Amino acid sequence: MAAHRCSYLAWLVFIFSLSGILVADGQETTLSGDHLVSAVENPQTDAETEKRAAEEPAVEERRWEATRAADAAEENQEFPASVATVLSSTPQLKDDFQEELVIRPLHSGDIYASFHFRTLWETDFMKGNKVSHYRLFPKSLGQVISKFSVRELHISFTQGYWRTMQWGQPYLPSPPGAELWVWFQDTVTDVDATWKELTNVLSGIFCASLNFIDSTNTVQPSASFKPLGIANVTDHRFLRYATLPREIVCTENLTPWKKLLPCGSKAGLAVLLKSEKLFHSSFHSQAVHIRPMCQDSQCKTPSWELRQTLNVVFDLHTSGQGKQEWSLFKMFSRTLTEACPLASSSKIYIDITDNPQEEQFELIPATPLLRQAVVLGDRRTFSVYDLTQQVTFGTVRSLNLLIRWKSTEGHMLRPLLHAERYVAGYGLQTGEIHTLMYNNHPFRSFSVLLLDSVPWYLRLYIHTLTVTSKGKDNKPSYIHYQPSKDRIRPHLLEMLVQLPPHSVTEVTVQFERALLKWTEYTPDPNHGFYVGSSVISALVPSTVAMDTNNTQERTLFSSFFPCKEESSYFVRVYTEPLLVNLPTPDFSMPYNVICLTCTVVAVGYGSLYNLLTRSFQVEEPNPGLAKRIANIIRKMRGVPPL
Amino acid sequence: MATAEVERRRGQLAALSIAAVVIVVGVPLWWRTTETYRAWLPVSQIRELAKLQLQLSADVEVVLARGTVTPEQQKKVPLTQTREEEHAVDEDTTLRYKYETRYRTATVMEEDALNKPTAAEADLSLHTLSESPCGSLVLYVIPQSYPLLPENVSVYVGQRRTALLRVGAQAGVGRTLEQLLAHLEPHIKQALRVMSFSHTDITAALSDRVRFNPGSKESVADSMRAFKSSPGYEITFSLLNPDPKSHQLRWDIEGGVQTYIQPLLTKLSSLANFSIDSQTLYYAVLGVNPRFDNSRGAYTLNADSLAHVINPVEARLGSNAASSNPVLNFLLYVPDAHHSPLYIQDHRKQEVPSNAFHSPRWGGIMVYNVDSFYGPEAAFPVDININMAKVMGVFLAQLRLLLGVPSSPPPPGFLVAPRGSAGIADWELDRLMWSRSVENIATATTTITSLAQLLDQIGNIVINDNIAEQVSSAVNSLQLAVAELEAGNLKFALEFSKEAILASEKAFFDPSLLHLLYFPDDQKFAIYIPLFLPMCVPILLSLLKIASEARQRRRERQTKKD
């Protein structure tokens, strides 16, 4: 014990001398500095005694400890005071990690699971600060934010299409394929060059082919996609939005996404993320959102928030085998054994709003904790399982939630905003894009902002744009249209449309298909060319009062979109992507051209040359046919001809 | 018959004129429209540079203190001697070392400084007197009587570019100046080998070009340890915590880096740009399971399994997403509660005192045992503060080795001064700069030479103007660097060599070089033959016919004459 205390004191002296050196000027060769670096140079002198290629000893360190400990005996009375000051001088990285899983049984029998992981870090990436020391926040994303002066970054990878009419609204919407939108800080001088570098670096980090994002599929929306974090100035020159509808999501994208989590996939809710079950689903979407946030209302210290979300909908018939009985093991082939030790909160929420008396389904094991949250304009009740409490895991030390259905009736609240899109027309020359927006509210009307980004090879005729609701013409109050330039940028159409209550609004525009150069076709041109989803953003009137106080106690899944008013909530709906056939040429044409040209040249030139250079002679007229045959016979017989 | 003759003559003229048009107008037009743009490259200068003939010069000043020379000898001093050594490394590379030695006597102020009681103080006061430029050395020769150096030490190497050399007692006053200088010569040579460039260092720097014949196993390990020269380096410190449930670790990495690592990197800033990062990785386990050693009561990792430790961790370390500089990784591993304490054993089954090892050209790992901080009844997780002084000391030593600071032990009789707050002495920095300059020059020369050869051999690569510009600027910088090395201006030589490397790499890896690289010949013929063959065959045939007719007519005329 005494020896333990003595070595403990020695380490305290180390720390004390460390603080002493911090105070002194680093460049001075003070005595303590000399002692310190003698420990460093001694490896040089001791190298001949310890000739090992593998390790680098520092023998002198230990000896110095012993001598210093001898000196320490005289300074005993100073230590208690210095201990307190020295230990508190170690700066703490103020970061916080929370994880949540929300499970919502859907009326079609499918089950919707949504994972939310949030890291909140009190630091400032803006104003040229060099952030170098990371703890819970992943270093790769921090370096990307610093190098490319990013203010907000939102990237999502989705496989499948969200069926709003059957499943309701998702907590975090995402279009099929890959979507990336970024707000840059106003210190960036060349936004396009930075955008190009950023997409290439992100495609390396997420193992996705985001390097196909270039100027032909990037747009600069002027009204949609406002910043979701702190924003002083919104100059839309610093916003870029791009979508790749053709991108496929697979295990290769899930693995680097999981690597960004502090606990990895070893502890906490992330152990459930096994790719063989996650991709065996109707809908799978993973996203990363980075934005600066305010901690309190005065906003004195900015903090940066990293949210990783994963939404998955398991199909009743493929994953559930037709039986309406879901468990964590059936969905994810894993059960939970512990919470992530680095998480300050780790909870599972099950949506039991439609099940107040347990007449529809029952939850096993039962939990006494309940929580109410206002999410998507509705007040929902959730059963809460707190993984940081040992009692949640029970005697078997593992949590396998079971949801057993008792009856299959029940109705779903119709979603208030819903959209569809399709291509009409015939042939390969012209066509028409129809976008239908449904407002299912019985008596309230609201405005929606429609963003359409159409590639340049579908040449839109904006004079044929019509917006009709209930058969009558509906003039949008704001239209922003940026025409395309061939091979440089796509069409951008943004409109603010007022949707009357309980109606369908149809937006139609005619287009003409372009003929591309033969090297611009993909290897499978008859598959078609994708047109990205339309984005419809709206403030939808809510049935209950929304909570506008952005404090910490809100659940993660209800606090993503900032709430400014009490009577409405923000909704973003994505339509289907379109698959359009372009007129495809015959790819054997170059060979045909070569053959034709060469034949024409050979025949034409040859005959012309002949005419020019042949010398003409007089010749006897041709004898008749009979005489010719007779001559041939005579020749054969050896008799002179006629 | 005359009309037939006229007709034939007309036909021949038509054929000849068509052939003339094709040859005079068609062939140059086709040639000009199908050639690739190739900007001019200074091929002759590149070939000259390929025969690398480097000359390294060092200025040495030998100051003779009072008591080493007699007053009559003092009159002959100051004098200058030049010594040249030539080594032909292989048929393309020759190295010449030039040492310009200047002898002079000590000034009054220097004598005062040399009268200090200890060598360290003398060193300090000598520094305040004069600043020697980069690459040069000052040797102070002191007589036996001075009490500066302890008994068994004959040379004291200072922190800057000075050394104190004690002349032996045999060099009595009766010797002539030449004998004295001849006696000093081997000591000066030895001092130069320690403090300035040595043949082994330089040939090791040229190891890309030249087959390196290692002297011993240690020199093989030494030559492979340091990172290759690069314009920038990333240094990443990672704290690996495989057991966050038991240990909650705190480390003041910012303070540690600021105090211990930053002074060294500031001093090395003329060599490369450094950028430092740190991160904490949880649930990061080593690749090997340590075995419990009953005799020591601890878990051990033996030297053979160390090679397998790094692999699973490296996948999680990540490199800088935003830069392409090589990364030096320093890992601090705190073993989990069930495998504590963990010690590293060397080949002789002895425990390594620093509990750390480094991997050449990769980085270093240190194992930090925390089991002594808490007892068995502690409430998990335990808060632990890591002692940065101990950790940073080990990492600093590993960093010096990985950056190539020469670490061979000094010869017997030499005492090397402690390094100072920056952790590196000026003469060590000079040695590093010599080898880096030579390495940069060799690499840039190889790159440029191979690029020139490639462009020469493959005729249809397009050489744009910007590539030609980069190549010219690289050749220019190389020539300047070689000239500066000859003159002995080490700093400028290093600058120019860095510029040369950047320009040569930019030219070599330019993506526009690949545009017409894979143009198959059979496709070219498949297009030309159906087009040109039907055109050229009739022309050729008619030319042949004209030639044979002319020959026949000449023969007829010959016979007619006879």
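What share of residues 12-31 of chain B is helix, and how far apart are the end C-alpha atoms? Select this stretch: it is 100% helix and 0% strand, with its end C-alpha atoms 27 Å apart. Helices here are DSSP runs of H or I with at least four residues, strands are DSSP runs of E with at least two, and both are numbered from the N terminus.

The model is predicted, so local features need pLDDT of at least 70 and side-chain atom pairs count only at pLDDT 80 or more, whereas totals for chains, interfaces and linings use all residues. Residues are numbered from 1 along each chain as its sequence is written, chains are lettered from A and ligands numbered from 1 in the order in which they are written, and side-chain values use heavy atoms, without hydrogens and water.

**The annotated spans of chain B**

**Chain B as a whole**

Along its principal axes the C-alpha trace of chain B spans about 125 × 80 × 35 Å. Of the 562 residues, 50% count as buried, that is, under 20% relative accessible area, with over 50% called exposed and the range in between partly exposed (1.4 Å probe, protein chains only).

**A sheet of seven strands in chain B**

Select the open sheet whose 7 strands follow the order 2-3-1-4-6-5-17 in chain B, with mixed pairing. Two strands pair if DSSP finds at least two bridges between them. Strand 2 (79-88) and strand 17 (414-416) of chain B stand at the edges with a single partner strand each, so one side of each has no neighbour in the sheet. Neighbouring strands of this sheet are turned by 20° against each other on average, direction ignored.

Zoom in on strand 17 of chain B: strand 5 (residues 155-157) of chain B pairs with it in the parallel sense over 3 bridges. Within this pair, B:F414 is the bridge partner of B:V155. Helix 12 (residues 426-457) of chain B packs on the sheet, touching strand 1 (53-64), strand 5 and strand 17 of chain B, and its direction makes about 165° with that of strand 1. Contact means heavy atoms within 4.5 Å; axes are lines fitted to C-alpha atoms, for helices over the stretch in contact, and angles run from 0 to 180 degrees between N-to-C directions.

**A covered strand and a buried alanine**

Move to strand 9 (residues 273-282) of chain B, where 9 of 10 residues are buried. Strand 7 (residues 232-241) of chain B runs parallel to strand 9 and is joined to it by 10 bridges. B:I235 has B:I276 as its bridge partner in strand 9.

Then select B:A113, in helix 4 (residues 108-114) of chain B. Is this residue buried or exposed? B:A113 is buried, with a relative accessible area of 4%. Leaving aside residues up to four places away in sequence, B:A113 touches B:A122, B:S125, B:L126 and B:L129. B:A113 and B:L126 are 13 residues apart in sequence and 6.0 Å apart in space, C-alpha to C-alpha.

**Loops of chain B**

B:P341 lies in the loop between strand 12 (327-333) and strand 13 (342-344) of chain B. A cis peptide bond, with omega about -15°, joins B:S340 and B:P341. In the loop between strand 14 (356-359) and strand 15 (363-367) of chain B, B:R361 has a positive phi of about 60° although it is not a glycine.

**Chain A**

Finally, show chain A, which has 12 helices and 26 strands. Its open sheet of 5 strands has the order 15-16-22-18-19, with antiparallel pairing. In strand 19 of chain A, A:K472 stands opposite A:S469.
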